[in-house]
Amino acid sequence: FLWFSILGAGTMLLMNTGCIDDIIINSTALGFVLCIDELVFATFGTSQARTILDKLEDYPLFSVEHHEDLEDHEVLLQHQQNENQTSLGQKLNNIRRILP
């Protein structure tokens, strides 16, 4: 969440910068700010912590590949069916996870 907030604010800063020199300096600063957590961990993290993180398996992300072959109205129909099957408690939990 914090990374996306910094990215959004930094992008707005770059969009409102007029001079090319300032854009170069500000984009370099934004790149540094977005990577500072990795630099701190690489510098101060223990070798055991780095080994544990290297051995972690990737978390499977949501895939939309099976929707690519469907028409738009078919995807909307599947979405409506999924929404109708979802209980009110699950919907409230989803909303609670979205809100800060």
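How are H1 and H2 oriented to each other: roughly parallel or roughly antiparallel? H1 and H2 are roughly antiparallel to each other, a label for angles over 145 degrees, where under 35 is roughly parallel, 65 to 115 roughly perpendicular and the rest oblique. This is a predicted model in which local features need pLDDT of at least 70 and side-chain atom pairs count only at pLDDT 80 or more, while totals for chains, interfaces and linings use all residues. Residues are numbered from 1 along each chain as its sequence is written, and side-chain values use heavy atoms, without hydrogens and water.

**Helix packing**
- Helix H1 (residues 2-15) and helix H2 (residues 20-44) pack at about 175 degrees, with axes 10 Å apart.
- On H1, the contact (heavy atoms within 4.5 Å) is made by Trp3, Ile6, Leu7, Gly10, Thr11, Leu13 and Leu14.
- On H2, Ile23, Asn26, Ser27, Leu30, Val33 and Leu34 make the contact.
- The contact residues divide into nine nonpolar, four polar and no charged.

**Cysteines**
- The structure holds zero disulfides (pairs of cysteine sulfur atoms within 2.5 Å).
- Cys19 has 36% relative accessibility and counts as partly exposed, a class between buried (under 20%) and exposed (over 50%), using a 1.4 Å probe and protein chains only.
- Cys35, at 36% relative accessibility, is also partly exposed.

**Thr86**
- Thr86 lies in the loop between helix H4 (72-85) and helix H5 (88-98).
- With a relative accessible area of 23%, Thr86 is partly exposed.
- A polar atom of the Thr86 side chain lies 2.7 Å from the backbone oxygen of Asn82.
- Thr86 and Ile36 are 50 residues apart in sequence and 40 Å apart in space, C-alpha to C-alpha.

Definitions and conventions: Axes are lines fitted to C-alpha atoms, for helices over the stretch in contact, and angles run from 0 to 180 degrees between N-to-C directions. Helices (H or I, at least four residues) and strands (E, at least two) are DSSP runs, numbered from the N terminus. Ala, Val, Leu, Ile, Met, Phe, Trp, Tyr, Cys and Pro count as nonpolar, Asp, Glu, Lys and Arg as charged, and the others, Gly among them, as polar. A polar contact is a pair of N or O atoms within 3.5 Å; within protein, one must be able to donate a hydrogen and the other to accept it, and residues adjacent in sequence count only if both atoms are side-chain atoms.
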